[in-house]
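User: I would like to learn how to read the features of a model such as this one. Please take me through them one at a time, with the general idea before the particular case.

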Amino acid sequence: MNAQKTGSLIAAIRKEQNRTQQDLSNELGVSSAAISKWERGIGFPDVSLIEPLATSLGITIAELFKGERIENGDANEYENLLSDVVKVSKNEISKKKKISNWIIAITVAVLYLLISIITQKWEITWMVWIVYCFYRIFTEYIYKKY
């Protein structure tokens, strides 16, 4: 992957379609500065934006990664492979976010429990929070396995 070539391709296609950076940024939900960085080869789109960007430009993911149009029949093979890579990457990012959220939720629940034990005050909101955390653990991890 060459960020310069990919950026040039994004800029060329966007201009062919008579669209501004702002138009593309509005469609993808990013800033126009991000589009500018991609087009100048300074950065590369987030993996979650690869598929929507390619669709918006009317090209394949393979073409976006390669930074040029692919004319031969190999495009489908590359496209399927890259599409799978993008999906796996999105799933991994989602898993990491979910784990981080759970670590935070469990930490807060444990802190609430410790504060309740130390102060000997069992406020109902704290108890509801603890029960909710255990409910989510059960429904998301234990129940889904069966």
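Analyst: We begin with a term: a helix here is a DSSP run of H or I that spans at least four residues, and helices are numbered from the N terminus. The model is a predicted one. In its chain there are seven helices and zero strands, so numbered from the N terminus by that definition. Helix α3 is followed by glycine 41, which has a positive phi, near 80°.

User: Is asparagine 18 buried or exposed?

Analyst: Exposed: the relative accessibility of asparagine 18 is 70%, and the cut-off for that class is over 50%.

User: Which residues in α1 and α3 meet?

Analyst: From α1 come Ala3, Gln4, Gly7, Ser8, Ile10, Ala11 and Arg14, and they meet Trp38, Glu39 and Arg40 in α3. Sorted by class, this contact of α1 with α3 has four nonpolar, three polar and three charged residues.

User: Which residues of α3 are buried, and against what do they pack?

Analyst: The buried residues in α3 are Ala34, Ile35, Ser36, Trp38 and Glu39. Their packing partners are α1, α2 (21-28) and α4 (47-57).

User: How is a nonpolar core to be read, and how many residues has the largest one?

Analyst: In soluble globular proteins, nonpolar side chains tend to be buried together. Here the largest nonpolar core has 19 residues, and those with the most contacts inside it are Ile10, Leu24, Trp38, Leu53, Leu57, Ile59 and Leu64. At least two residues of this core come from each of α1, α2, α3, α4 and α5 (61-66). Helix α4 supplies the largest share, six residues. Another core, of five residues, lies apart from it, and Trp102, Ala105, Ala109 and Cys133 are among its members.

User: Where is isoleucine 10 placed, and which residues is it in contact with beyond its neighbours within four places in sequence?

Analyst: Isoleucine 10 is placed in helix α1, and it is buried, with a relative accessible area of 0%. Leaving aside those neighbours, isoleucine 10 is in contact with Leu24, Trp38, Glu39, Leu53, Leu57 and Leu64. Its C-alpha atom is separated by 8.7 Å from that of isoleucine 35, 25 residues apart along the chain.

User: Which residues does leucine 53 touch?

Analyst: Not counting residues up to four places away in sequence, leucine 53 touches Ile10, Leu24, Leu28, Trp38, Pro45 and Leu64.

User: Which residues does valine 47 touch?

Analyst: Valine 47, placed in helix α4, touches Val86, Ser89, Lys90 and Ile93, not counting residues up to four places away in sequence. The C-alpha atoms of valine 47 and valine 86 are separated by 6.3 Å, while the two residues are 39 residues apart along the chain.

User: Where does valine 110 lie?

Analyst: Valine 110 lies in helix α6 (residues 75-119). With 42% relative accessibility, valine 110 counts as partly exposed. Between the C-alpha atoms of valine 110 and isoleucine 130, 20 residues apart along the chain, the separation is 7.9 Å.

User: What remains to be read for the chain as a whole?

Analyst: Of its 146 residues, 32% count as buried. Among contacts with a separation of 6 or more, 52% are made by residues 24 or more positions apart. The chain exposes about 9700 Å², and carbon and sulfur atoms supply 60% of it.

Technical notes. Residues are numbered from 1 along each chain as its sequence is written. Side-chain values use heavy atoms; hydrogens and water are left out. Contact means heavy atoms within 4.5 Å. Ala, Val, Leu, Ile, Met, Phe, Trp, Tyr, Cys and Pro count as nonpolar, Asp, Glu, Lys and Arg as charged, and the others, Gly among them, as polar. Buried means under 20% relative accessible area, exposed over 50%, partly exposed in between (1.4 Å probe, protein chains only). Accessible areas come from the Shrake-Rupley method with a 1.4 Å probe; for residues, only the protein chains shown count as cover. A nonpolar core is a set of buried Ala, Val, Leu, Ile, Met, Phe, Trp, Tyr and Cys residues joined through side-chain atoms within 4.5 Å.
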